[in-house]
Amino acid sequence: FSALMLVSGPAAYARSDANQSKEAVSDLTGYWQQENGQIVHFTQDGSSLTSRYFKRSATNEPDDVDFTATVHDKLVYGAHRGPFSRAMQKKCGVQIWVGMGLTVKDDGTILEGFRGDRTVDPRTCSVKNSDAVKLVYKRVADFDPQK
C-alpha cells in the first residue's frame with residue numbers, strides 16, 4: 001500500500017499543475033523495450049493500457065501481463081506485476097502486484113517512472129514493502145515479432 005501511495009502522490013500533484021500540457025498522448029500500442037532488454041507489447045484501448053511480455057523469461061511466459069494501467073494526459077498509472085517466479089505467482093498472486101506510475105516523454109517514445117517493490121515470504125505470502133524501483137520503457141519502432 002505504501003508503494004502505491006508513493007507512486008500516486010506525484011501523479012496526483014502533476015495532474016493538478018496548471019502549467020502541465022493537457023494534450024492527450026497518442027496511441028501507445030506497439031512494442032517497447034525495458035532497461036533489462038525484455039520486449040513487451042503495449043495495447044491501448046481508449047485510456048486503458050496493458051503491457052504483456054513478448055518472450056519467455058525466468059519469471060514469465062509469453063503474453064503474461066507486465067502491467068495494467070490508465071492513461072491520463074501524459075501520465076500512466078496502475079498495477080505492475082512484480083518479478084516473482086511462476087510458483088510464487090500461483091501461490092501468492094495478490095501480493096505480487098504493486099502500484100506504478102510513468103510519464104510519457106514529449107516525443108512519445110520513452111516512458112519513465114517508478115513501481116513499488118516488495119519482498120514476499122514464500123511460506124506465508126506475507127509482504128514487506130521496500131524502496132520503489134525505476135522503470136523505463138523505450139518504443140521499438142522497427143521491431144519484427146517474427147524474428
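F67 is buried in this predicted model, with a relative accessible area of 0%. Its ring pairs with that of Y137, a residue that is likewise buried, at a relative accessible area of 0%.

**Aromatic pairs**

- Across the whole structure, a search finds five aromatic pairs.
- One of them joins Y31 and F54, whose ring centres are 5.6 Å apart and whose planes meet at 85°, so the pair is edge-to-face.
- Y31 belongs to strand β1 (residues 30-34), whereas F54 sits in the loop between β3 (48-53) and β4 (65-72); the pair therefore ties together parts that are 23 residues apart in sequence.
- F54 is partly exposed, because its relative accessible area is 22% and that class lies between the limits of 20% and 50%.
- The rings of F67 and Y137 have centres 5.7 Å apart and planes at 75°, so this pair is edge-to-face.
- Distant parts of the chain are linked by the pair of F67, in strand β4, and Y137, in strand β8 (residues 127-139), which are 70 residues apart.
- F67 and Y137 also belong to one aromatic cluster, together with W32 and F42.

**D66 in strand β4**

- D66 is found in strand β4 and is buried, with a relative accessible area of 0%.
- Two polar contacts involve the side chain of D66: one reaches the side chain of Y53 at 3.1 Å, and another joins it to the side chain of H80 at 3.2 Å.
- Although D66 and R52 are 14 residues apart along the chain, their C-alpha atoms are separated by 5.1 Å.
- Leaving aside residues up to four places away in sequence, D66 touches Q34, V40, S51, R52, Y53, H80, R81, W97 and Y137.

**R81 in strand β5**

- R81 is part of strand β5, which covers residues 75-81.
- The relative accessible area of R81 is 5%, so this residue is buried, the limit being under 20%.
- The side chain of R81 is joined to that of D64 by a polar contact of 3.5 Å.
- Residues touched by R81, not counting those up to four places away in sequence, include Y53, T59, N60, D64, V65 and D66.
- R86, Q89, I96 and W97 are also among the residues that R81 touches.

Definitions and conventions:
Residues numbered from 1 in each chain as written. Predicted model: local features only at pLDDT ≥ 70, side-chain atom pairs only at ≥ 80, totals over all residues. Heavy atoms only, no water. Helix = DSSP H or I, 4+ residues; strand = E, 2+ residues; numbered from the N terminus. Buried < 20%, exposed > 50% of the residue type's maximum accessible area, 1.4 Å probe, protein only. Polar contact = N/O pair within 3.5 Å; in protein donor to acceptor, adjacent residues only side chain to side chain. Contact = heavy atoms within 4.5 Å. Phe/Tyr/Trp six-rings, centres within 6.5 Å; stacked < 30°, edge-to-face > 60°.
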